[in-house]
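Hi,

Here is the structure I promised to pass on to you.

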Amino acid sequence: MKERGLAVITDSAPEPELQEPYGAILTPVAMAPCTSDVNTVYGTGSKKPDDLILGHECVARVVRVGKKVRDFAPGDLVAVPAITPDWRNPEIQEGNDRHAGRPFSGNALGRSIPGVFAEYFAVEDADTTLAKVPEGVSLQDALMCVDMVTTGFTGAEAAEIRFGDTVVVMGIGPVGLMAVQGAALLGAARILAVGTRPVCVKLAKEFGATEILDYKKGDLAKQVLEKTGGTGADAVIICGGNDEAMHQAIEMVRYGIGRVVNVKHYPGEGDIGIPKFSGGRGMAGKTVKLELCRGGRVRMERILRMVQYGRICPGKMITHQLSGFDRIADGLELMRQKPADLVKVMVTPDWRQV
Ligand SMILES: [Zn+2]
């Protein structure tokens, strides 16, 4: 691969340094290329250094730990959250974890610090970041927790779903599928999932969608309003679609108490508009939230417990498995091309037993 950012998956990558006293060095056991890695390589993400090691989705083994690390030791199998806030930043005390200090500070791995697609990588603070993979939780399930589950669930949580709600999930790629799952777990009665790819439609139904909407069959907002007797949805979670998604979501959500949550990445420049009329000329009582997924150890431990006790089975989303570190580029290419049968790819390194 010649693309920017991938050349360092070679012997030339520098050994990561253990950051004393709280850090850890880890080695990946299972990795997943992500659409945001595709965005980085193919130019629609924010500008990154040319030699950046990509990757923010992995399950790993701890290799070394700093002197003051309390709860982790070499050999531990851990889920590494994609979002790794600096819990020592004072803004944490104001509840600002993901953007403490500067925008997207919590989105560090493979963005502002070297990522996980390397034989070894470092985290700055093991005790506040890592989560042990509980006994009986599969690699596939654990791997999907680190970004897909926490991102989809962030959407569902921020939508403040209540028992009996009607929820629209726009986009049923892996994040949208987990938003469907999260909405179902939080008590949504009716979940209208927007998507067309058969492999995703099937999973959306398994995860809790009660109806599937096809954006190719006419205006989405109209479809939702028709299906809700003109009232609209209680909540809309935007996980996919184009730059029209925000406009459509505001059109289809209820006046007075409707919530729109966006967890989707909008590439390029420009605006994502608020419609004047269905926005109540600025007074519709509709809430819009723009959210980055939640990270950190406690978050990840909670999500892993959902797997451990049988509430979720996100590993089902892994449709492709590749073996060999040199297959990461192939995995990334699969995520870019999205063949009909693909939802997520897992890559396992071949230099050790997993
Ligand atoms: Zn990701």
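Below is what I found, going from the whole chain down to single residues.

Before you start, keep in mind that this is a predicted model: local features need pLDDT of at least 70, side-chain atom pairs count only at pLDDT 80 or more, and totals for chains, interfaces and linings use all residues. Residues are numbered from 1 along each chain as its sequence is written.

**The whole chain**

The C-alpha trace spans about 60 × 45 × 40 Å along its principal axes. The radius of gyration of the chain is 20 Å, which agrees with the value near 20 Å for a compact globule of 354 residues. (That radius is taken over C-alpha atoms, and the globule rule is 2.2 Å times the number of residues to the power 0.38.)

The secondary structure comes to 9 helices and 13 strands. Both are DSSP runs numbered from the N terminus: helices are H or I with at least four residues, strands are E with at least two.

How much of the chain is buried? Of the 354 residues, 49% count as buried. A residue is buried if 20 or more other C-beta atoms lie within 10 Å of its own, exposed if 12 or fewer, and partly exposed in between, with C-beta atoms placed from the backbone.

I also looked at contacts, meaning pairs of residues whose C-beta atoms, placed from the backbone, lie within 7 Å. Among contacts between residues at least 6 apart in sequence, 75% join residues at least 24 apart.

**Two domains**

The chain is divided into domain 1 (24–148 + 293–348) and domain 2 (152–290); these bounds come from an automatic or database domain assignment. Their C-alpha centres lie 26 Å apart. Each domain gives 17 residues to the contact between them. On the domain 1 side, that makes 8 nonpolar, 4 polar and 5 charged residues. Here Ala, Val, Leu, Ile, Met, Phe, Trp, Tyr, Cys and Pro count as nonpolar, Asp, Glu, Lys and Arg as charged, and the others, Gly among them, as polar.

**The core**

In soluble globular proteins, nonpolar side chains tend to be buried together. A nonpolar core here is a set of buried Ala, Val, Leu, Ile, Met, Phe, Trp, Tyr and Cys residues joined through C-beta atoms within 7 Å. The largest one has 106 residues, and the members that touch the most others are A79, V167, V169, V180, V236, I237 and I238. Helix 3 (residues 139–158) gives the most to this core, with 10 residues. The core also draws at least three residues from each of domain 1 and domain 2.

Take V167 as a case to click on. Not counting residues up to four places away in sequence, V167 touches A159, I161, A183, A188, I191, A233, D234, A235 and I237.

Helix 7 (residues 245–252) is mostly covered, with 7 of its 8 residues buried. Those are A245, M246, Q248, A249, I250, E251 and M252. They pack against strand 6 (166–170), helix 6 (220–227), strand 9 (235–238) and strand 10 (259–262).

Helix 8 (residues 297–308) has 12 residues and reaches 16 Å from its first C-alpha to its last, close to the 16 Å expected. (The expected span is 1.5 Å times one less than the number of residues.) Its buried residues are R297, R299, M300, I303, L304, M306 and V307. Among the elements that cover them are strand 3 (77–80), helix 2 (126–129), strand 5 (131–132) and helix 3. After helix 8 comes G310, with a positive phi near 80°.

Leaving aside neighbours within four places in sequence, M300 is in contact with A79, P81, A131, C145 and V146.

E20 and P21 are joined by a cis peptide bond, with omega about 0°. P21 sits in the segment before strand 1 (24–31).

Two residues other than glycine have a positive phi. E160, in the loop between helix 3 and strand 6, has phi near 45°. E160 counts as partly exposed because it has 15 C-beta neighbours inside 10 Å. R281 has a phi of about 50° and is found in the loop between strand 10 and strand 11 (287–290). R281 is exposed, with 9 other C-beta atoms within 10 Å.

Cheers

Technical notes:
Contact = placed C-beta atoms within 7 Å.
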